[in-house]
Amino acid sequence: MIEPVSTQGEKTDEIVKNVKFKVLRFDRDTIPSPRVDSFDVPVKKGMTVLDALQYIKENLDSTLSWRFSCRMGVCGSCGMFINGFPRLACNTQVLELEADVVDLKPLPNFDTIKDLVPDLAVLFEKHRSVRPFTLRKDIAELDNPSGEFFQTTDELQRYLQFAYCIKCGLCMAACPTVATDRRYLGPQALTQAHRYNMDSRDEGRDERKDEALGTHGVFRCHFAGACSEACPKGVDPAFAIQLMKRDALKASFGLLRKKKAAPLAPKVTSGKRMEGVPDAPKRTV
Amino acid sequence: MRTRESTLWTWHLVAGAVILVLLGIHMFIMHLADFFGTVQGDVLEFSSVMERSLDATFAVMYVVLLAAALYHGLYGLRNIIFELSISERAERVISVLLVLAGVALFLVGAYGTLAVHSAQAGV
């Protein structure tokens with residue numbers, strides 16, 4: 001039997017210290033003027049900020065609101081401003097903050113719905129605007145696939161890092177340009193535009209250019225690098241934006257190579273399936 | 001993958017590179033040429049300035065430097081203003097005003113440079 005391995009440090013029941021959590025509270029109806037509530041939380045080794053919030057909700061104030069789902073840095077729901085930096089609550093251990101007081105605020109650069117719940121609608125609108133999906137000219141094949149598009153490992157590596165985005169919004173919260181220019185697409189959407197532009201199966205580069213290379217696109221990036229520092233998945237949006245600028249510069253001088261979308265991979269006609277490997281499930285779409 | 005903005009931005013970079021070279025030459029002549037002994041006398045003296053203005057190469061260089069500096073500076077100013085979350089209509093108005101200001105300043109500067117050159121050369 002395989003023993004479960006914790007990536008968050010070994011949890012114990014021993015209380016290491018009491019930490020004061022100062023939480024910014026806001027509710028359009030009941031708390032129209034934001035205020036700070038303080039909660040004393042007994043912190044144990046391995047306890048995350050998300051665990052602390054659960055403790056507060058269960059023991060101290062059941063009206064406190066925040067958003068979470070997976071508890072393991074995958075869903076991107078629990079992004080919040082922790083001690084002045086955008087982080088995932090589930091991915092941040094209280095003791096690693098090395099502080100006796102922890103400030104919790106909703107993500108900046110977004111409107112707040114309630115307490116620590118940001119309104120991420122603008123993030124998804126911007127994300128949608130760059131058409132973050134495979135665009136090809138062979139619409140018939142896309143609508144009714146007859147196989148898989150060919151892609152080498154090298155071609156996969158060109159965009160794989162940027163495909164790890166979990167849409168948590170931390171990069172947008174960290175970006176100084178998003179803070180002043182509300183129409184700036186921001187690191188999240190621009191990185192996803194680059195991710196699909198780099199995909200060998202895609203040929204929608206020209207369909208994304210009006211947004212990504214528009215007045216409020218990549219050229220507004222100051223390369224502060226705050227997005228890459230905040231990203232919990234190592235996506236490095238600042239890098240993606242600089243690569244996009246490089247491609248734009250190449251295109252201006254006619255040096256950007258034309259892209260032809262990858263063809264269908266040849267069907268496997270020979271070989272023998274290993275024993276015990278079942279058939280693929282039938283298509284549902 | 002070209003857009004209007006990517007073309008403007010490319011020119012911004014090109015203008016930056018041009019400024020780097022021409023301003024470098026300007027700074028060298030004004031502050032270092034004497035130090036290296038390549039120019040005799042005070043480069044800021046009236047006679048030295050007039051002597052340089054006679055030279056067509058200098059006149060052209062300063063007109064190009066003026067154009068590059070105006071474009072680079074005004075495009076940068078436009079970017080700063082655009083980052084203040086203004087409306088699209090305001091953006092269009094500001095773009096037009098900056099183009100008009102740029103053209104006017106260029107005409108004044110280019111006229112000044114070339115007029116002195118022409119007068120000195122007796123054209």
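Helix H2 and helix H7 of chain A are roughly parallel to each other, a term for angles under 35 degrees, with over 145 counted as roughly antiparallel, 65 to 115 as roughly perpendicular and the rest as oblique. H2 covers residues 121-129 of chain A and H7 covers residues 186-197 of chain A; their axes come within 9 Å and cross at roughly 25°. The axes are lines fitted to C-alpha atoms, for helices over the stretch in contact, and the angles run from 0 to 180 degrees between N-to-C directions. Helices (H or I, at least four residues) and strands (E, at least two) are DSSP runs, numbered from the N terminus.

The model is predicted: local features need pLDDT of at least 70 and side-chain atom pairs count only at pLDDT 80 or more, while totals for chains, interfaces and linings use all residues. Residues are numbered from 1 along each chain as its sequence is written, chains are lettered from A and ligands numbered from 1 in the order in which they are written, and side-chain values use heavy atoms, with hydrogens and water left out.

A crossing is right-handed if the near helix is turned clockwise from the far one by less than a right angle, and left-handed if anticlockwise. On the H2(A) side, A:Leu123, A:Lys126 and A:His127 meet A:Gln188, A:Ala189 and A:Gln192 of H7(A). By class, this contact of H2(A) with H7(A) has two nonpolar, three polar and one charged residues. Here Ala, Val, Leu, Ile, Met, Phe, Trp, Tyr, Cys and Pro count as nonpolar, Asp, Glu, Lys and Arg as charged, and the others, Gly among them, as polar. Contact itself means heavy atoms within 4.5 Å.

H7(A) also meets helix H10 of chain A. The axes of H7(A) and H10(A) come within 9 Å and cross at roughly 60°, and that makes H7(A) oblique to H10(A). The crossing of these two helices is left-handed. From H7(A), the contact is made by A:Pro187, A:Leu190, A:Thr191, A:Ala193, A:His194 and A:Asn197; from H10(A), by A:Pro237, A:Ala240, A:Ile241, A:Leu243, A:Met244 and A:Asp247. The residues of this contact of H7(A) with H10(A) divide into eight nonpolar, three polar and one charged.

H10 of chain A runs over residues 237-252 and includes A:Ser252. At 16% relative accessibility, A:Ser252 counts as buried; buried means under 20% relative accessible area, exposed over 50%, and partly exposed in between (1.4 Å probe, protein chains only). What does A:Ser252 touch, leaving aside its neighbours within four places in sequence? A:Ser252 is in contact with B:Arg2, B:Ser6 and B:Thr10.

Another helix of chain A is H1, residues 49-59, whose buried residues are A:Val49, A:Leu50, A:Ala52, A:Leu53 and A:Ile56. They cover an arc of only 160° around the axis, which puts them on the same side of H1(A). The arc is that of the directions from the helix axis to the C-beta atoms. An α-helix has 3.6 residues a turn, so residues three or four places apart point the same way. What covers the buried residues of H1(A) includes strands E1 (15-27), E2 (31-44), E3 (79-82) and E5 (101-105) of chain A.

Two loop residues of chain A have a positive phi without being glycine. For A:Arg71, phi is about 65°. A:Arg71 lies in the loop between H1 and E3 of chain A and is exposed, with a relative accessible area of 55%. For A:Lys167, phi is near 55°. A:Lys167 is placed in the loop between helix H4 (153-160) and helix H5 (170-174) of chain A, and at 25% relative accessibility it counts as partly exposed.

Taken as a whole, chain A has 10 helices and seven strands. The C-alpha trace of chain A spans about 65 × 55 × 35 Å along its principal axes. Buried residues make up 44% of its 285 residues.

Chain B has four helices and zero strands. Of its 123 residues, 32% count as buried. Helix H4 of chain B, residues 88-121, contains B:Tyr111, which is exposed, with a relative accessible area of 63%. B:Tyr111 and B:Val64 are 47 residues apart in sequence and 13 Å apart in space, C-alpha to C-alpha.
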